[in-house]
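Thanks for coming, everyone. Please have a look at the model on the screen, and then I will walk you through it.

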Amino acid sequence: MTTPTLTDRYLFAAARSVPQTQRTEFRSELAERIGDSIDAKVEGGADREAAELDVLTELGNPDALAATYADRPLQLIGPAHYLLWKRLLKLLLAIVLPCVAFAYVLAQLISGAGMGEIYGGTVVVLINVTVHLAFWTTAVFAFIDRVSGGTSVVDWKPDELPVVVEPPRNQLRIDVVSNLVLVVLAALAILVGPGLIPSPDGAGSVPFFAPATWAWLQWYLLAVLVAQLAFWLLLLRHGRWSYPFVLASLVLAAAAALPIAATLATGRLLNPEYLARTDWADAVEQLGSGGVVASVLAVGVVAGAAVWPIDGFVKARRARQELLAG
């Protein structure tokens, strides 16, 4: 595989935001325009590498060029700062929202709030934070845009071009096979695992999980695993991640994690009799309803389950960009 040139990276960055119906023509015209400009500079005595750098710098931000070609004026803030505003707002939302959600849920669990109150409150808090982030970020950029007279305060340079990444072959098959193995192992753990957990004091068998909860939870989780099995087989048949598959993975992750987190936080998952036999003096209190350890573990279960749809979203976004870039 040859190393992509700056021109390759520029074409990749510009074409990914152009509608698919215009992409091939746009790439061809832009490549010809860049080539002709470089040749003209070389004939004038410039070094080819320096000429390429000059031409791409003169063309400017590839996203802005693509927006102009696709007749999509960047009008919300102004063309000079729109792309910077969009990038910063995405970055803030990606960093601030998860941190706020985690801090809020942890604080509510420690204070002894119910799961329904926590879920509802988290949604309200995230909506408020999103609105404030969007409003104040937009207000600041609108002020800068007016003060600067529409002139960008940050110069774009070709060094900012993204790297053209070739995905490893058969990556999807590797992911699917790995997760199918994990699904089977999880099913075996649910069916056989609880019976293998020994009594903490050796004084006779005692269930690790609360019998009343485990009687229905084990079959529920097995049903979710069957749905996940079907999900991975359908994804393998589809051939790539897409946003509908991300939504499906989010639903399945929530279906698996929320009952576990809810029964854990409310002290209905673990058997108090088992906990009382351990050497941990306040195990029943810490792992019971509203216990700090139980609450932290519940948050950890939800956070761990979120990794799957987040990873799927990243792969779906990358697959879409590759599709658009051709």
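First, a caution. This is a predicted model.

Now the overall picture. What is the chain built from? It has 12 helices and zero strands. The protein chain has 326 residues, and 34% of them count as buried. What about contacts along the sequence?

Next, helix α8. Please find residues 211-238. That is 28 residues. From first C-alpha to last, α8 reaches 41 Å. Where is the kink in α8? It is centred on Leu 217, and the angle is about 25°. Leu 217 is also one of the buried residues of this helix. Others on that list include Thr 213, Trp 214, Leu 221, Leu 225, Gln 228, Trp 232 and Leu 235. Keep the helix geometry in mind here. An α-helix has 3.6 residues a turn, so residues three or four places apart point the same way. What comes after α8? Gly 239 follows, and its phi is positive, near 100°.

Now a helix pair. Look at α1, residues 6-15, and α3, residues 48-59. They pack at an angle of about 20°. Their axes are 10 Å apart. Why do we call them roughly parallel? Because the cut-off for that is under 35 degrees, and α1 and α3 meet it at about 20°. Who makes the contact? From α1, we have Leu 6, Thr 7 and Tyr 10. From α3, we have Glu 52, Leu 53, Leu 56 and Leu 59. The crossing of α1 and α3 is left-handed.

Last stop, one residue. Val 125 sits in helix α6, residues 115-147. Is Val 125 buried or partly exposed? Its relative accessible area is 22%. Buried means under 20%, so Val 125 counts as partly exposed. What does Val 125 touch? Leaving out residues up to four places away in sequence, it touches Val 100 and Tyr 104. Take Val 100. In sequence, Val 125 and Val 100 are 25 residues apart. In space, their C-alpha atoms are 8.2 Å apart.

That is my tour. Over to you for questions.

Methods:
Residues are numbered from 1 along each chain as its sequence is written. This is a predicted model: local features need pLDDT of at least 70, side-chain atom pairs count only at pLDDT 80 or more; totals for chains, interfaces and linings use all residues. Side-chain values use heavy atoms; hydrogens and water are left out. Helices (H or I, at least four residues) and strands (E, at least two) are DSSP runs, numbered from the N terminus. The expected span of a helix is 1.5 Å times one less than its number of residues. The bend at a residue is the angle between axes fitted to the seven residues ending there and the seven starting there. Buried means under 20% relative accessible area, exposed over 50%, partly exposed in between (1.4 Å probe, protein chains only). Axes are lines fitted to C-alpha atoms, for helices over the stretch in contact, and angles run from 0 to 180 degrees between N-to-C directions. Angles under 35 degrees count as roughly parallel, over 145 as roughly antiparallel, 65 to 115 as roughly perpendicular and the rest as oblique. A crossing is left-handed if the near helix is turned anticlockwise from the far one by less than a right angle, and right-handed if clockwise. Contact means heavy atoms within 4.5 Å.
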